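The sequence and structure come first.

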Amino acid sequence: MISAGVKSAVEKIPLLTVNAGPRDPNWIDRLKEEFLALIKYVEINKAEDNDWFKIESNREGTRWTGKCWYIHNLVRYEFDLQFEIPATYPLAPIELELPELDGKTSKMYRGGKICLDIHFAPLWAKNSPKFGIAHALAIGLGPWLAVEIPQLIDEGKIVKT
């Protein structure tokens, strides 16, 4: 289901212990764990020369924006990344959005939300509430970019300007 490289990286990301969503009084504690897991994941990626995203949140930790990139044939393709933490998080996974790719692939929903139903959603459900944002990026967005971006480039739907 997931590659050995992705599995290895995910196993190094700390699991979260606080089961709280944005409307829960313990959300700040959950958010602290989210940040620690993200910092660890960024450290792992940098150590492996695999830095591929940069994100930041609003003050409440409910809206996240940033950039993600994929290098194909030594060319860097960069995309806006955004997502909101759903009210039912962490039971419900986040919906990762790449707005500028909206409509370019069938593996995407309206608004540029990437399709994670088949492979990611069952894994999230099995591991909720231990998985967080870093896990969603590692298991969801990273593999999606690796599969979809080269295909979109080959089809001429993404062109480096």
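Thr65 stands opposite Gln82 in strand S3, within an antiparallel pairing of S2 and S3 that comprises 10 bridges. Strands pair here if DSSP finds at least two bridges between them; helices (H or I, at least four residues) and strands (E, at least two) are DSSP runs, numbered from the N terminus. The model is predicted, so that local features need pLDDT of at least 70 and side-chain atom pairs count only at pLDDT 80 or more, while totals for chains, interfaces and linings use all residues. Residues are numbered from 1 along each chain as its sequence is written, and side-chain values use heavy atoms, with hydrogens and water left out.

S2 also pairs with strand S1 (residues 53-57), in the antiparallel sense and over 5 bridges. In that pairing, Ser57 stands opposite Trp64 of S2.

| Hairpin | Residues between strands | Turn residue and its positive phi |
|---|---|---|
| S1 and S2 | 5 residues | Gly61, about 75° |
| S2 and S3 | 2 residues | Asn73, about 50° |

Aromatic rings of Phe, Tyr and Trp (its six-membered ring) pair if their centres lie within 6.5 Å; planes under 30 degrees apart count as stacked, over 60 as edge-to-face and the rest as tilted. The count by this rule is 8 aromatic pairs. In one of them, Trp52 and Phe53 have ring centres 5.0 Å apart and planes at 70°, so the pair is edge-to-face. Trp52 and Phe53 are each buried, where buried means under 20% relative accessible area, exposed over 50% and partly exposed in between (1.4 Å probe, protein chains only). The rings of Trp64 and Phe83 are stacked, because their centres are 5.9 Å apart and their planes lie at 10°. Since Trp64 belongs to S2 (residues 63-72) and Phe83 to S3 (residues 75-84), this pair ties together parts 19 residues apart in sequence. Trp64 and Phe83 are both buried. Elsewhere, ring pairs link Trp27, Tyr89, Phe120, Trp124 and Phe131 into a cluster.

The charged end of Arg76 sits over the ring of Trp69, 4.0 Å from its centre; the criterion is NZ of Lys or CZ of Arg within 6 Å of the ring centre and within 35 degrees of the ring normal.

Helix H4 (residues 133-154) has 22 residues and should span 32 Å at 1.5 Å a residue, which agrees with the 30 Å between its end C-alpha atoms; the expected span is 1.5 Å times one less than the number of residues. H4 is largely enclosed by the rest of the structure, because 17 of its 22 residues are buried. Just after H4, Gly156 takes a positive phi of about 80°.
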